[in-house]
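Student: I would like to learn how to read charge pairs and nonpolar packing from a set of coordinates. Could we take the general idea of each feature and then turn to the case at hand?

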Amino acid sequence: MSDAVALLAPPLLFVVPVLLIRAELIDDGYLFLNLAAPFISVLVASYAPMGWRARLHDGDLLSARTLTGRRTVDLAALTKVGRMEVPGQARTDDRLILTDAHGVRIILDKLAGGAGTVDSPVRRALLRRPPGAGVIVSDRAAERLDLRTEVRRPQGRLKAGRTIREGLIAWVPLLAVFVVVLVSFGLLAAGLTLADVL
């Protein structure tokens with residue numbers, strides 16, 4: 001659901017005002033929503049799977065509240081494990097991105113009630129996977145979970161994900177903002193042209 005909202009926000013915020021302006025039902029000032037549409041999409045896509053109050057159920061099920069409701073990921077069926085680090089002024093927000101075979105994705109750090117981080121149950125579940133399971137684990141997630149040697153084993157249960165150098169990771173948010181700003185102004189210019197405002 002959240003992925004659909006993230007994908008549909010820019011086209012809807014572009015097409016609907018253009019059509020309403022051409023029909024002279026609203027003022028052309030609404031076209032400035034096109035500037036916000038890509039930012040809204042990025043926020044929805046980023047924060048919808050963000051979980052809190054995570055709890056373990058039946059050993060291998062990990063559920064958490066998200067903006068779109070409760071999500072449950074099956075640790076025994078993990079297909080990808082990544083890591084997201086967002087630097088802040090006081091501390092770095094460091095979370096694991098868990099995706100299972102059912103397509104459920106949750107971004108988590110801590111278990112509910114101060115029971116620690118999700119690292120131990122995730123690590124335990126990954127080490128219980130059969131040889132050749134092929135779970136993709138990013139280099140940064142393997143570092144956090146202390147699984148680097150396991151990821152490097154040929155034909156092991158874990159496969160190395162993409163490796164991105166730390167210097168490049170620091171530039172990704174700035175590059176993403178630059179791209180989003182260009183897309184925003186492109187949508188605004190296209191909306192102004194199609195609505196016959198210019």
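Tutor: Let us begin with the term itself: a salt bridge is a side-chain nitrogen of Lys or Arg within 4 Å of a carboxyl oxygen of Asp or Glu. Please keep in mind that this is a predicted model.

Student: How many salt bridges does the rule give here?

Tutor: Side chains of opposite charge can pair when their charged atoms come close. In this model the rule gives nine salt bridges.

Student: What should I read from the salt bridge of Arg 144?

Tutor: Its partner is Asp 119, and the closest N and O atoms are 2.8 Å apart. Because Arg 144 lies in helix 4 and Asp 119 in helix 3, the pair ties together parts that are 25 residues apart in sequence. Both Arg 144 and Asp 119 are buried, and for Arg 144 the relative accessibility is 16%. The two side chains are also joined by a polar contact of 2.8 Å.

Student: What else surrounds Arg 144?

Tutor: Once residues up to four places away in sequence are set aside, Arg 144 touches Arg 83, Asp 94, Arg 95, Leu 96, Asp 109, Thr 117 and Asp 119.

Student: Turning to nonpolar packing, which residues have the most contacts inside the largest core?

Tutor: In soluble globular proteins, nonpolar side chains tend to be buried together. The largest nonpolar core here has 24 residues, and those with the most contacts inside it are Leu 62, Leu 78, Val 81, Leu 98, Leu 126 and Val 137. Among the elements that give two or more residues to this core are strand 4 (78-86), strand 5 (93-100), helix 3 (119-128) and helix 4, and helix 3 gives the most, with three residues.

Student: Which residues of helix 3 are buried, and what do they pack against?

Tutor: The buried residues of helix 3 are Asp 119, Pro 121, Val 122, Ala 125 and Leu 126, and they pack against strand 1 (52-57), strand 4, strand 5, strand 7, helix 4 and strand 8 (158-160). For a view from Val 137, its contacts beyond four places in sequence include Val 81, Leu 126, Ala 142 and Val 151. A second, separate core of eight residues includes Val 18, Leu 187, Leu 192 and Ala 195.

Student: Where do nonpolar residues form a patch on the surface?

Tutor: Such a patch is formed by Leu 7, Leu 8, Leu 12, Val 16, Leu 20 and Leu 25, which together have about 580 Å² of accessible area. One of them, Leu 8, is in helix 1 (residues 2-22) and counts as partly exposed at 47% relative accessibility.

Methods:
Residues numbered from 1 in each chain as written. Predicted model: local features only at pLDDT ≥ 70, side-chain atom pairs only at ≥ 80, totals over all residues. Heavy atoms only, no water. Patch = residues over 30% accessible without salt bridge, like charges linked within 9 Å, V, L, I, M, F, W, Y side chains within 5 Å. Areas by Shrake-Rupley, 256 points an atom, 1.4 Å probe, with all protein chains shown as cover. Helix = DSSP H or I, 4+ residues; strand = E, 2+ residues; numbered from the N terminus. Buried < 20%, exposed > 50% of the residue type's maximum accessible area, 1.4 Å probe, protein only. Polar contact = N/O pair within 3.5 Å; in protein donor to acceptor, adjacent residues only side chain to side chain. Contact = heavy atoms within 4.5 Å. Core = buried A, V, L, I, M, F, W, Y, C linked by side-chain atoms within 4.5 Å.
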